[in-house]
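Here is a short note to read alongside the structure. Take it one point at a time, and keep the picture open as you go.

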Amino acid sequence: MNRLSQLALSDEGFVFDPQTGDSFQVSETGIAVLRALKEGRSDEDIAQQLVAHFDVALEEARRDCTDFRSQLKNFGLA
Amino acid sequence: MKDLAIGVSGINAVDNPGPGIGVARSLKEDASLNARIIGLAYDAMEPGLYMDWVVDRSFIMPYPSGDGGAYFERLAYIRDQHGLDLLIPNLDAELPLYIKRAGELKDMGVGTFLPSMEQFKLRGKDKLIEVAERMDIKLPKTKVCTSLDQLIAAVDELGLPVMVKGSFYKAYAAYTSTQAVSHFHALVAEWGYPVIVQSIVVGEELNVIGLGDGEGGSLGLVGIKKISVTSLGKIWTGVTIKHRAMMEAANRFIRELKWRGPFELECIVKGDDVYLIEINPRFPAWVYFATGVGVNLPARLVRAALGVDQPPAPDYDAGKLFVRYSYELVTDMVKFQQAVTRGEVG
Amino acid sequence: MSKRPYEKPVINKLRSGLMNKFGWSPAYARKVRTAIDGVSVDELCGQFGSPLFVYSERTARRTYRQMFNAFSTRYPNVVFGWSYKTNYLQAICALMHQEGAIAEVVSAMEYDKARLLGMPGEKIIFNGPHKPMAALEKAVSEGAVINVDNLDEIVDLETVAKKLNRTVHVGMRLNLDAGIYPQWSRFGFNLESGQALDAAKRIARGGRLKLNGLHCHIGTFIMDPQAYAREITKMVKFGYELREAFGFDMEFYDIGGGFPSKSRLKGVYLPPEVAIPGIDEFAEAITHAFSEALKPGDFPKLIIESGRALIDESGYLITSIVAAKRLADGTRAYVADGGVNLLFTAFWYKFNVELDREVGGINETSVIYGPLCMNIDAIDEGIQLPPLKRGTRLIFSPVGAYNNTQWLQFIEYRPNVVLVTEKGEVEIIREAEDITDITRRERLPKHLELKNGK
């Protein structure tokens with residue numbers, strides 16, 4: 001989680017990792033998930049939060065959170 | 001004069017530079033044009049995006065692929081949001097699309113000044129024999145091959161070494177027939193038929209940049225010699241020259257083909273003999289060299305596209321030196337972020 | 001508070017040189033198709049299921065007329081031979097015949113198909129390297145145009161001629177160097193080596209056959225109109241040599257097909273709209289070279305065997321995403337309900353892929369797999385797509401050529417094929433298969449019947 005906490009997030013969906021110099025583009029929902037992860041929230045919590053703000057079913061949101069985490073892992077961010 | 005929004009592509013001023021920055025800089029230097037430069041880039045790392053003293057506003061473009069639909073939608077967006085009076089495409093890969101759809105651009109209210117499709121095809125390497133004849137200029141002995149048999153016969157006839165060239169791009173020297181055959185296969189796989197075989201002429205490599213008005217008249221010509229080139233073969237230092245035979249051939253090129261738009265002729269000169277090596281149907285990356293010696297071809301192109309009368313191109317002096325150099329700029333990450341997230345900078 | 005539209009969360013790493021994804025401007029990057037010829041994709045799938053092949057009658061007829069006019073206005077004595085192998089669905093063949101094409105078949109099965117459809121023998125061109133004796137006899141007695149492929153077939157045809165006690169007119173298939181690589185030398189007789197002349201000698205000596213036409217087919221997806229010009233010039237020259245040497249008069253020159261469609265060949269630099277010459281350029285090069293080569297007063301029939309260029313762009317395949325997954329390297333992958341089993345041409349073309357709806361979000365490099373349990377079943381291995389939900393439909397085009405003839409019957413049923421008529425009505429032209437199509441020809445020996453089975 002340490003690398004996650006240092007990421008610089010912009011509302012426009014641009015993410016900069018000051019440790020490695022890597023940049024990322026992230027969707028609006030992705031930014032929301034990243035912010036929540038930085039706060040240390042659980043996957044279930046985050047999925048609930050997505051459902052509260054966006055037009056999405058809980059089951060789909062849960063799946064997408066798991067998938068997003070695997071994307072982060074893939075980039076060495078989680 | 002109201003400001004003129006001019007789209008310029010090829011703003012990738014890197015070690016293998018596109019012509020865009022040279023074109024944009026030339027337009028900026030003609031203050032009476034009041035040009036606002038719209039940079040068209042394909043990658044968020046093209047230096048032109050960050051050179052705000054040359055390029056006023058930049059946009060990331062989709063590649064000019066498919067039927068060009070996405071590309072044209074993007075152009076329409078730029079026109080609607082920021083105005084777009086004129087476009088100067090500077091990259092080879094863009095030209096077929098621009099030429100094919102120049103009419104639609106005109107309907108969109110966006111001017112261009114390009115050769116016709118017939119003219120564009122004439123500069124293809126398989127048509128150089130015809131063009132050289134009309135220009136009354138020599139051509140290294142050239143054979144157009146559409147089969148392996150023809151290639152082998154051509155190599156036999158011309159004698160080694162030879163240049164083996166693709167119909168669009170790429171050229172390789174072959175010192176043995178085995179090499180010629182393997183280049184032939186590689187070129188066919190990448191570019192298709194025909195493949196061109198040329199004997200190698202040894203001499204001085206001289207170039208001409210020019211602009212034709214489409215009716216046989218010249219809007220300006222500048223001859224140069226490359227003094228040194230980079231490892232990629234790009235000019236680093238050069239000098240203006242006035243080789244009479246080459247300049248006359250360039251004038252005949254404009255007159256005979258009624259060439260419309262910018263061009264570069266690559267020649268090899270051996271005494272008074274001028275051999276034509278290649279025709280590029282666009283400005284070369286060193287276009288600013290001509291501007292620097294008083295012949296601002298991009299600005300003249302803009303006036304020609306707008307139908308403004310202009311005096312004959314001024315003369316220039318031979319012996320003016322061109323020195324390219326490296327320089328750096330430091331800016332904020334925000335511009336990069338804008339390029340990535342919004343697809344536009346400025 | 002109303003909820004905002006949802007896009008799936010995506011993170012992409014930015015890499016120099018690859019920063020042109022246009023992920024943030026959906027309008028520029030995504031192609032959406034909600035209808036084919038005015039009939040909605042939803043309605044089509046609702047009624048006929050997914051996957052679904054859809055043909056546009058309007059596009060097919062328009063393409064035929066454009067192409068036929070391109071030739072007939074330049075050389076009026078022209079006939080199109082509809083290449084059955086490209087697509088031998090009856091409705092498609094009938095449509096081409098209604099437009100005026102005769103049939104070009106390359107096997108006994110295709111011959112039967114043309115006859116079944118009501119084409120008389122004299123309106124069938126019989127090509128191909130395998131013409132069984134019985135098929136030859138039938139074709140000869142029904143007056144079909146037969147193009148001879150090899151010496152053994154000459155012997156067979158002489159046997160037929162003897163049996164029927166008549167002189168048989170035949171065409172000769174040539175292969176020649178038209179500057180196209182690879183040169184198709186396995187079909188017919190080679191021109192440059194003198195093989196074709198030897199075969200003509202053999203035919204003349206036999207006395208039972210008469211050569212009255214020449215046929216050639218230089219390859220497929222030929223992008224250089226001049227190749228056809230070289231082909232026809234050589235053919236006509238050879239025709240006059242035959243007249244000189246044996247008194248054979250050429251009534252037709254059949255230059256084959258191979259004209260490209262707007263399919264995008266993998267690995268070709270320029271987009272098809274720019275790289276592929278228009279049909280007028282082909283027609284101009286061919287008819288010009290033909291007229292130049294012919295002697296004054298000669299006006300033989302010019303036969304064009306076209307398939308791909310006539311039908312490819314009329315065909316679409318609608319598929320649905322049945323699953324989304326992420327591969328070990330992070331690549332997004334989708335499983336569609338139709339794959340290479342239905343789109344055999346996926347092996348060499350990159351299709352135009354359209355979505356049935358607007359989808360927001362960042363584009364990711366994605367892979368589209370088909371339903372087969374095999375690694376080769378990938379329709380597109382590097383396409384930029386926003387994250388898609390299960391059930392999203394992908395529409396592939398152009399797929400009208402070669403897919404409905406080369407599709408595989410492997411583990412899946414083949415789906416419905418429909419035609420959107422010029423009036424906008426939808427007709428099934430081939431029903432979806434069920435288990436009886438798979439088992440109908442099978443026989444289960446008595447001792448293998450399962451006890452609790454039927």
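This is a predicted model: local features need pLDDT of at least 70, side-chain atom pairs count only at pLDDT 80 or more; totals for chains, interfaces and linings use all residues.

1. Let's begin with chain A. Its secondary structure comprises 4 helices and 3 strands. Starting from the N terminus, the order of these elements is α-β-β-β-α-α-α.

2. Next, the overall dimensions of chain A. The C-alpha trace of chain A spans about 35 × 20 × 20 Å along its principal axes. How does its radius of gyration fit with that of a compact globule? For 78 residues, a compact globule would have a value near 12 Å, and chain A has 12 Å, so the two agree.

3. Now look inside chain A. Buried residues account for 31% of its 78 residues. Taking the contacts in chain A between residues at least 6 apart in sequence, 24% join residues at least 24 apart.

4. Chain A also touches chain B. Here 4 residues of chain B are in contact with 6 residues of chain A. On the chain B side, the touching residues are 2 nonpolar and 2 polar, with no charged ones.

5. On to chain C. How many helices and strands does chain C have? There are 14 helices and 23 strands. The C-alpha trace of chain C spans about 90 × 65 × 45 Å along its principal axes.

6. Of its 454 residues, 47% are buried. Among the contacts in chain C with a separation of 6 or more, 70% are between residues 24 or more positions apart.

7. Finally, zoom in on two helices of chain C. Two packed helices are described by the angle between their axes and the distance between the axes. Helix α6 (residues 133-141) of chain C packs against helix α7 (residues 151-164) of chain C at an angle of about 55 degrees, and their axes are 10 Å apart. The crossing of α6(C) past α7(C) is right-handed.

8. Which residues meet where these helices touch? From α6(C) come C:M133, C:L136, C:E137, C:V140 and C:S141, and from α7(C) come C:D156, C:L157, C:V160 and C:L164. This contact brings together 6 nonpolar, 1 polar and 2 charged residues.

Technical notes
Residues are numbered from 1 along each chain as its sequence is written. Chains are lettered from A and ligands numbered from 1 in the order in which they are written. A residue is buried if 20 or more other C-beta atoms lie within 10 Å of its own, exposed if 12 or fewer, and partly exposed in between; C-beta atoms are placed from the backbone. Two residues are in contact if their C-beta atoms, placed from the backbone, lie within 7 Å. Ala, Val, Leu, Ile, Met, Phe, Trp, Tyr, Cys and Pro count as nonpolar, Asp, Glu, Lys and Arg as charged, and the others, Gly among them, as polar. Axes are lines fitted to C-alpha atoms, for helices over the stretch in contact, and angles run from 0 to 180 degrees between N-to-C directions. A crossing is left-handed if the near helix is turned anticlockwise from the far one by less than a right angle, and right-handed if clockwise. The radius of gyration is taken over C-alpha atoms; the globule rule is 2.2 Å times the number of residues to the power 0.38.
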